[in-house]
Amino acid sequence: KTNEIRYLLVNATTRRDAESNIVGVVGVAQDVTEAAKHDRSVAAMARELRQLVDTANAPIFGIDVHGNVNEWNDKTADITGFTREEALNKPLVSTYIVPNLRQSVQNIMDNALKGKETSN
């Protein structure tokens, strides 16, 4: 009546008579409007953060627990000359760090993976 859109999670099952003939459907609905609004809000925030990382005026990169690149923003690509697609899933230290700095960078990454923040 208010023209407000509501989101419902609906479950339905057949309704049968005493002889097991289908005589209709019984449905149960749960109003998930607020959850849907929250999900859209979280998705919008995630898009904004992705854009912030991608367009930051500072190099931002990330690695997974194996040391492989899983984040590589536009500024990192500009500085290194390697696109995000080229960098993803490659070992950061052995691929992109000059030999004489690899050990110190590896130590920093290892400490960070252990929850110890470190800088050079």
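## The hairpin of E3 and E4

In the hairpin of E3 and E4, five residues lie between the strands, and Gly67 has a positive phi near 85°. Strands and helices here are DSSP runs numbered from the N terminus (E for strands, at least two residues; H or I for helices, at least four). Strand E3 covers residues 61-63, runs antiparallel to E4 and is joined to E4 by three bridges. Two strands count as paired if DSSP finds at least two bridges between them. Ile63 has Val69 in E4 as its bridge partner.

The model is predicted, with local features needing pLDDT of at least 70 and side-chain atom pairs counting only at pLDDT 80 or more, while totals for chains, interfaces and linings use all residues. Residues are numbered from 1 along each chain as its sequence is written, and side-chain values use heavy atoms, with hydrogens and water left out.

Strand E1 (residues 8-16) and strand E2 (residues 22-31) pair in the antiparallel sense, over nine bridges. Arg16 stands opposite Ile22 in E2, and Asn11 has Val28 in E2 as its bridge partner. This hairpin has five residues between the strands, and Ser20 takes a positive phi near 65°.

How many of the nine residues of E1 are buried? The count is zero, and the strand is hardly covered. Buried means under 20% relative accessible area, exposed means over 50%, and partly exposed is in between (1.4 Å probe, protein chains only). For E2 the number buried is zero of ten residues, so this strand lies largely in the open.

## Salt bridges

The structure holds six salt bridges. A salt bridge is a side-chain nitrogen of Lys or Arg within 4 Å of a carboxyl oxygen of Asp or Glu. One of them joins the side chains of Glu4 and Arg6, at 2.9 Å from N to O. Glu4 is partly exposed, with a relative accessible area of 46%, and Arg6 is partly exposed at 38%.

Another joins Glu34 to Lys37, with the closest N and O atoms 3.7 Å apart. Both residues lie in helix H1 (residues 33-55), three residues apart, which is about one turn of the helix. Glu34 counts as exposed, at 53% relative accessibility, whereas Lys37 counts as partly exposed, at 37%.

## A salt-bridge network

The side chains of Glu71 and Arg84 meet in a salt bridge of 3.4 Å, N to O. Glu71 lies in strand E4 (residues 69-72) and Arg84 in helix H3 (residues 84-87), so the pair ties together parts that are 13 residues apart in sequence. Glu71 is buried, with a relative accessible area of 15%, and Arg84 is partly exposed, with 27%. Salt bridges link Arg50, Asp54, Glu71 and Arg84 in a network.

## Aromatic pairs

Rings of Phe, Tyr and Trp (its six-membered ring) pair if their centres lie within 6.5 Å; planes under 30 degrees apart count as stacked, over 60 as edge-to-face and the rest as tilted. By this rule the count is two aromatic pairs. Trp72 and Tyr96 form a tilted pair, 5.0 Å centre to centre with 45° between the planes. Trp72 lies in strand E4 and Tyr96 in helix H4, so the pair ties together parts that are 24 residues apart in sequence. Trp72 is buried, with a relative accessible area of 3%, and Tyr96 is buried, with 16%.

The rings of Phe82 and Tyr96 have centres 5.0 Å apart and planes at 75°, so this pair is edge-to-face. Phe82 lies in the loop between H2 and H3 and Tyr96 in helix H4, 14 residues apart, and the pair links distant parts of the chain. Phe82 is partly exposed, with a relative accessible area of 35%. Ring pairs link Trp72, Phe82 and Tyr96 into a cluster.

## The largest pocket

The largest pocket has a volume of about 170 Å³. On a 1 Å grid over the protein atoms alone, a pocket is an open set of points where a 1.4 Å probe fits, with protein on both sides within 12 Å along at least five of seven lines; lining residues have an atom within 4 Å of a point. Grid points are joined across faces, edges and corners, and the volume is the space filled by probe spheres set on the points.

The lining includes Trp72, Tyr96, Phe61 and Met109. Helix H2 (74-80), helix H4 (92-96) and helix H5 (102-113) are the elements that give two or more residues to this lining. The largest share, three residues, comes from H2. By class, the lining has nine nonpolar, two polar and no charged residues. Ala, Val, Leu, Ile, Met, Phe, Trp, Tyr, Cys and Pro count as nonpolar, Asp, Glu, Lys and Arg as charged, and the others, Gly among them, as polar.
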